[in-house]
Amino acid sequence: MISTSDKERINELPIVDVIGTVVELKKEGVEFVGFSPFQTEKSKSFKVNPVKNVWKCFSSGKGGKGAVSFFIELEKLSWYDAMLRVAKLMNINLEGIETKTFKPDFSKRSLKEDEQPGTKSFIYK
């Protein structure tokens with residue numbers, strides 16, 4: 001169980017810093033842009049707005065509020081596993097939970113042959 005204070009700490013992390021660990025982002029005005037981590041594209045259609053704490057991929061139509069929703073969508077994680085993933089990425093120690101040995105539970109979804117765990121690159125350029 002993730003404590004309320006840990007949930008708040010994770011949800012207050014700068015969205016650009018968290019998503020920037022897996023997507024190369026560049027500042028354009030108030031937003032940050034990069035290539036879609038969801039599909040191959042020639043122009044940058046993935047946007048992160050740190051003021052509104054939202055992200056949107058205009059090529060795939062996917063979007064959400066906060067970094068946790070990004071990992072839920074990208075890696076098909078449960079909310080709990082996505083919280084652990086963000087905590088591990090940002091080196092946050094959670095009360096009573098060991099994140100160093102975090103392994104997402106992929107049994108909750110059926111994986112396509114090309115989506116097996118470990119086959120995705122974690123830097124999308």
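Reader: Lysine 76, buried or exposed, or partly exposed?
Author: In this predicted model, lysine 76 is partly exposed because its relative accessible area is 33%. Buried means under 20% relative accessible area, exposed over 50%, and partly exposed in between, with a 1.4 Å probe and protein chains only.

Reader: Ok, what does its side chain meet in a salt bridge?
Author: Glutamate 73, at 3.2 Å, N to O. A salt bridge here is a side-chain nitrogen of Lys or Arg within 4 Å of a carboxyl oxygen of Asp or Glu.

Reader: Which residues are linked in a network with Lys76?
Author: Lys62 and Glu73 join Lys76 in a network of salt bridges. Lysine 62 meets glutamate 73 at 3.6 Å, N to O. That pair links distant parts of the chain, 11 residues apart: lysine 62 is in the loop between β4 (54-57) and β5 (63-65), glutamate 73 in helix α3 (residues 67-75). Helices (H or I, at least four residues) and strands (E, at least two) are DSSP runs, numbered from the N terminus.

Reader: And why does glutamate 73 count as partly exposed?
Author: Because its relative accessibility is 26%.

Reader: Switching topic, what about glutamate 75 and arginine 85?
Author: Their side chains form a salt bridge at 3.0 Å, N to O. Glutamate 75 sits in helix α3 and arginine 85 in helix α4 (residues 79-89), 10 residues apart. Both residues are buried.

Reader: How many salt bridges does the structure hold?
Author: 4.

Terms used:
Residues numbered from 1 in each chain as written. Predicted model: local features only at pLDDT ≥ 70, side-chain atom pairs only at ≥ 80, totals over all residues. Heavy atoms only, no water.
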